[in-house]
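The definitions are given where they are needed.

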Amino acid sequence: MTHHKPPPSEPVGELFRAAFRAHPAGVSIVTAAGPEGAVGLTASSVASVAVDPPTLAFSVAGGRSASHIAAAQTIVVHLVGADQVELVRTFADPAAPRFTDAMDWEVLPTGEPLLKEAIWALRCEIIHRAPMGGSVLLAARVLDIRSNPSDSAPLVYHNREFHTLFQSVSAVA
């Protein structure tokens, strides 16, 4: 295995960004009820942490939506597929209008906004917040899950673009 030591002109932070640009990640949309209404953002950092109790983690950084999500008691993590790429782009653009009448969404009886077209919607309670540099790492316990079965191809974020996956690769034994 070759180790790449950064030359003095290439700081570790830049190499870190480059490494994770080259590492594909699943795509989700995280929503919450903010003080002025529904907020949401696209996240590629959502990861499963534990099954018992079901727990996930993700990070948020900067912006109004991120700060409201970080402060929320409960959130909904929407796992999406390629069929929802326009919705993902909307929630990735801070200037784009969100939760419009044209979007298929509702407020759950518990107060969180639900994007109905998501393949999976995991309603969670935030159980831990850890500031990390300019971001906040959030751990959340899953309270309930709604599924919306779909044949949509998986959607991943890679090298600053959204991509779909069309073929499977056999696992190496």
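## Basis and terms

In what follows, Ala, Val, Leu, Ile, Met, Phe, Trp, Tyr, Cys and Pro count as nonpolar, Asp, Glu, Lys and Arg as charged, and the others, Gly among them, as polar. The model is predicted, with local features needing pLDDT of at least 70 and side-chain atom pairs pLDDT 80 or more, while totals for chains, interfaces and linings use all residues. Residues are numbered from 1 along each chain as its sequence is written, and side-chain values use heavy atoms, with hydrogens and water left out.

## Second largest pocket

A pocket is an open set of points on a 1 Å grid over the protein atoms alone, where a 1.4 Å probe fits, with protein on both sides within 12 Å along at least five of seven lines, and its lining residues have an atom within 4 Å of a point. Of its 18 lining residues, Val46, Ser48, Leu56, Leu79 and Leu122 are the closest to its centre. By class, this lining has 13 nonpolar, five polar and no charged residues.

## Largest pocket

The largest pocket holds about 1,200 Å³ of space, and among its 30 lining residues Thr42, Ser44, Ser45, Ser59 and Tyr157 lie nearest its centre. Its lining comprises 15 nonpolar, ten polar and five charged residues.

Note on methods. Grid points are joined across faces, edges and corners, and a volume is the space filled by probe spheres set on the points.
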